[in-house]
Every structure is written in C-alpha cells, then in structure tokens.
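Me: I have a model open and want to learn how to read it. Can you take me through a few features, one at a time?

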Amino acid sequence: MDWAPVWISVRTAGISVIITFFLGILAAGMVVNMRNERGKMICDGIFTLPLVLPPTVMGFFLLYLFGVRRPLGRFFLEYFQIKVAFSWQATVLAAVAMSFPLMYRSARGAFEQVDPNLMAAARTLGMGEGKIFRKVLLANAMPGILGGGVLAFARGMGEFGATAMIAGNIAGKTRTLPMAVYSEVAAGNMEQAYGYVVVMVAVSFVVVLLMNGTVLWAGKWRRE
C-alpha cells in the first residue's frame, strides 16, 4: 500500500486544525460578545454556512477565489510565488474551510455555557476584558473547545469534495486518504482501497475515543 496519502492527510489535518483552532476561538469570542442581535445572526450564518453547503460548492467558491486567474490566486502567485490551486497548500485550505464551522460552533457553545456571573465577578475585581477572556471565559470553556478541535481534525482528515475541486487528485502531492479510496475503487484496485478504508476507520475510532475522553475529563473537571 502506498503510504503517501496517509502522510498527506495527517499533515493536512494537523496543520489545518492548528489554523482552525485559533480562528474558531476568535470568531466564537467575537460573536458571543456582539451586542447587536441582527449582526450576530448574520455573522453566525456566514461562519456556519460551509457546514450546510455541499463540499463541492464550497470547493467551487475556493477555486473561484484562489484560481490562478482569480484575485487571491493571482495575488499569491505574483507576490509570494505560491500557486495555491492544485497544490498541497490547497488541501490545507479546503480542510480549514470545511472544518472551521465545527470548531466555531463548538467554541461558541462552550463560551455560552460559562456562567456570566464569573465574568461579572472578574470585572468587579478590576480585570480587563482581555484578561477575563483568557483567564475566565477561555479557561472554563476549554473542555468544549478541545472537543471541537478533535472534531475539526477528523473533518480535515475526511475532507473529499472541496479538496477535489481546489486541490485535485495528484498522486504524491494532493491525494489524501478519501481521494485515494475513490481512486483505487475507480481503478478496480479493491485490495488497496480496503487498506485505506481500514486506516480511515482506525483514525475515526481514535477520534471517537478522544471525544469520549474529552467528555469524561470535562465532567470530572466541572465536578472538581
């Protein structure tokens, strides 16, 4: 079995989850602190949209923006000599776009479950808003945030549609595990496909264990 798709998927998911982790926390913190309900609904809709759009449609939008002849794609090519479309970086871009809503929704839900009285008490003690966010809100919401990170990593590992649109299926370069399964089945190489499927099932099982572990840890943490 060619292990290149495995390493490409792990590297893609690993880098994408780091980016998504911080972007999701920042977006969730911004939305939670918004006072304008209409603006909050609009921002929430925009941030959640990739979760309900078909992945191929999301990939179309990414290709429209980052194609060689498109605004962002031309900018990166001219100023940084980076061709985004149909490169390994495009697999990371697709994974970030599709996993971001999971991280955002998990972080927002975790933030909204934090007792507002804790933040009010911190303000009476003279703590600044930035310190309250780090020391109170973020610290108490961390179990839910970590759970969102696990989900985002799994989504990045399993991304197919958007990756096919913006990154393609280039062996040894952009062929991730889901793309490898599709390619092997299309070519009639069922034994190779079985091998990749076993790896994907094993990764998914580990993700479920991590999710359960996070829930148990969160329960113990809250009781203590």
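Predicted model: local features only at pLDDT ≥ 70, side-chain atom pairs only at ≥ 80, totals over all residues.

Me: Start with charges. How many salt bridges does a search of the whole structure find?

Reply: Look for a side-chain nitrogen of Lys or Arg within 4 Å of a carboxyl oxygen of Asp or Glu. Here the search finds four. One of them pairs R105 with D44, with the closest N and O atoms 2.7 Å apart. R105 lies in helix 5 and D44 in helix 2 (residues 37-52), so the pair ties together parts that are 61 residues apart in sequence.

Me: Is R108 buried or exposed?

Reply: Buried means under 20% relative accessible area. R108 has 14%, so it is buried. D44 counts as buried too, at 15%. R105 is partly exposed, at 39%.

Me: What does R108 do with E112?

Reply: R108 and E112 form a salt bridge, and their closest N and O atoms are 2.8 Å apart. The two are four residues apart in helix 5, so about one helical turn separates them. E112 is partly exposed, with 48% relative accessibility. Shared partners join D44, R105, R108 and E112 into one network.

Me: Now the surface. Which residues make the nonpolar patch?

Reply: F60, F61, Y64, L65 and L72 make it, over about 470 Å². Helix 3 (residues 55-66) gives the most, with four residues. L65 is found in helix 3 and is partly exposed, with a relative accessible area of 37%.

Me: Take one leucine, L77. Where is its place?

Reply: L77 is in helix 4 (residues 71-80). It is partly exposed, at 34%. Set aside neighbours within four places in sequence, and L77 contacts V68, I82 and K83. A107 is 30 residues away along the chain, and the C-alpha atoms of L77 and A107 are 34 Å apart.

Me: Last, pockets. How many residues line the largest pocket?

Reply: First, the idea: rolling a probe the size of a water molecule over the atoms shows where empty space is left. In this model, the largest pocket holds about 310 Å³ of space. Its lining has 13 residues, and V32, N33, M119, R123 and L137 lie nearest its centre. Helix 5 (88-112), helix 6 (116-124) and helix 7 (129-158) each supply at least two lining residues. Helix 7 gives the most, with four.

Technical notes
Residues numbered from 1 in each chain as written. Heavy atoms only, no water. Patch = residues over 30% accessible without salt bridge, like charges linked within 9 Å, V, L, I, M, F, W, Y side chains within 5 Å. Areas by Shrake-Rupley, 256 points an atom, 1.4 Å probe, with all protein chains shown as cover. Buried < 20%, exposed > 50% of the residue type's maximum accessible area, 1.4 Å probe, protein only. Contact = heavy atoms within 4.5 Å. 1 Å grid on protein atoms, 1.4 Å probe; cavity = no way out; pocket = protein on both sides within 12 Å on 5 of 7 lines; lining within 4 Å. Points joined across faces, edges and corners; volume = space filled by probe spheres on them.
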